[in-house]
Each structure stands twice: as C-alpha cells, then as structure tokens.
Amino acid sequence: MIQVRNLVKSFGSNIVLNGIDLSVAEKEVVVIIGASGSGKSTLLRCVNFLEMFDQGEIRLIGKTVIPTTTNLNKVREEVGMVFQQFNLFPHMNVLENVMEAPLHVKKMDKVQAKEKAMVLLKKVELYDKALAYPKNLSGGQKQRVAIARALAMEPRIMLFDEPTSALDPELVGEVLQVMKQLAQEGMTMVVVTHEMGFAREVADRVVFMGDGKILEEAPPNEFFINPQNNKAKQFLNSIL
Ligand code: ADP
Ligand code: MG
C-alpha cells in the first residue's frame, strides 16, 4: 500500500529525512516512534504529499506518485490523515464536518452523504452528537469526529500523527479504542504515537526514527523486549 524509497527531505540546511525506506502492506498497522524533531510528522506529510521531498520515491497503492503530473487531490482521497490538533471546521456541526468532503470533493448527493456520515458517527459512538458544534465537544469527541471525517472519504490508508497527544489523559482511551477497531477491520494504518500500550497491542511493526533514518524496525514484541539500536534503547528508557 505504501512504498517509500530513499526519501530525502531538508528544510534549509536541516536534513530531516536522510534516506528513509519504508513499506507498509495492506491491512498492516505500523507505529512510528522517535524523539521530538526526528522527522515523524515530516515523513507522514510526505506520504500524503502535504510536503514535497527532495529525493526518493513514494508509491501508493501500487502506483508511483509523480508530484508534477499525478493529481495529488486524487492521491489524498486515498490517504486519510488525522492530526494532533483536530482541525474541525468550527462553524459547522459534527454532521456537517463529516459530510463536507463527500459533498464537495466527491460530489456525493446530500441524502447519501448524510446517511454515510451517520453510519460513521455511530461507528465512533457520536451518533447523538451529530448536531453539536465542535466547541461543545470534549477533545476525545473532537478527535473521534476527525476520524469519522477522514473515513468519510473512504481512504485506503489512514495516517495518524499523534492523535492523542493533545488530549487529557482520561480521554485518550476512547480515541485509541476507535483506532484499534479500525485496525481490526483491516484498515492499513501508519500511526505516530507515544502510546506504547497501543503499539504493543495493535501494531504489527514498530519503526524507530532518529538521525533522519529508520534506526530499527521490528514487531512490538521484539522491539520492546529487546531493542537493538542504542538510541532506541535510550528512547524507551526515557519514556517507559
Ligand atoms: P517530529 O514529528 O518527529 O517531532 P518533525 O517532522 O515535526 O519531527 O520535524 C523534524 C524537523 O524538521 C525539526 O527539526 C523541525 O524543526 C523541522 N521542520 C519541520 N517542519 C518544518 C518547516 N515547515 N520548516 C522548517 N523546519 C521544519
Ligand atoms: Mg510530530
């Protein structure tokens, strides 16, 4: 579903990604961890073509994406993204937030878009909040709306960039639960998170980034029990 080859990305003289190779198979859940500033967000943004890279190649769903010739909006329809800051439209209620892209990007008719949105709101357990506005929701509820909104485009891949980092601790679980369910349903997912419980339980593979590279990747059992890379060991010691 995702194949990143020798990805290089700099901001000025700061080489943030220095030759990243990463493949993600269909239905696989990959958790990316690493210190702050190690390029996790930049990598996700490159995979979604929100950020242009300097060198390398990204193939999505079997096709090489060439930024100058490929329709990037079509690519982004296949790749849903959920951010730390929920980025909901404040002037729209929950239902309207979820219906927005299907209506205006996919040109779905209104009845169908609404039906679909309500199914998704049920899935994230916010059916009864359909008419609420974002300002009246908790952070956990907002993030679940953001997930429903991304799913409304029927993406083949979902990227999560620290989806629970802005939440009060008691609200983290409800968001992770929705993500876990999505994983169990077979969604292909790349998740940047500091939630090691989630990584252990849900990830097929953990990827550790540092020095602009992937320093280690392994199934969670191996990675958490017996990390090989020294920086990975230090990182785990610092957070566990
Ligand atoms: P992480 O998500 O792992 O914390 P980021 O991908 O956000 O790391 O950032 C990696 C590095 O790239 C940091 O040094 C950050 O300051 C830099 N960076 C990220 N985005 C930009 C940008 N738009 N302009 C300049 N520097 C950036
Ligand atoms: Mg980040």
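Residues are numbered from 1 along each chain as written, and chains are lettered from A and ligands numbered from 1 in the order written. As the model is predicted, local features need pLDDT of at least 70 and side-chain atom pairs count only at pLDDT 80 or more, while totals for chains, interfaces and linings use all residues; side-chain values use heavy atoms, with hydrogens and water left out.

View 1. Helices (H or I, at least four residues) and strands (E, at least two) are DSSP runs, numbered from the N terminus. Picture the C-alpha atoms filling a box of roughly 50 × 45 × 30 Å along the principal axes.

**View 2. Helix H1, residues 40–47.** Six of its eight residues are buried, so H1 is largely enclosed by the rest of the structure. The buried ones are Lys40, Thr42, Leu43, Leu44, Cys46 and Val47. Look just after H1 and you'll find Phe49, with a positive phi of about 60 degrees.

**View 3. Helix H5 (residues 139–151) packing on helix H6 (residues 169–184).** The angle here is about 20 degrees and the axes are 8 Å apart; axes are lines fitted to C-alpha atoms, for helices over the stretch in contact, and angles run from 0 to 180 degrees between N-to-C directions. That makes H5 roughly parallel to H6 (angles under 35 degrees count as roughly parallel, over 145 as roughly antiparallel, 65 to 115 as roughly perpendicular and the rest as oblique). In the contact (heavy atoms within 4.5 Å), H5 brings Gly139, Gly140, Gln141, Gln143, Arg144, Ile147 and Leu151, and H6 brings Leu171, Glu174, Val175, Val178, Met179 and Leu182.

**View 4. Lys106, in the loop between helix H3 (94–104) and helix H4 (110–123).** Lys106 counts as partly exposed because its relative accessibility is 31%. Leaving out residues up to four places away in sequence, Lys106 touches Glu77, Ala101, Met153 and Glu154. As for Lys129, 23 residues from Lys106 along the chain, the two C-alpha atoms are separated by 24 Å.

How values were computed: Buried < 20%, exposed > 50% of the residue type's maximum accessible area, 1.4 Å probe, protein only.
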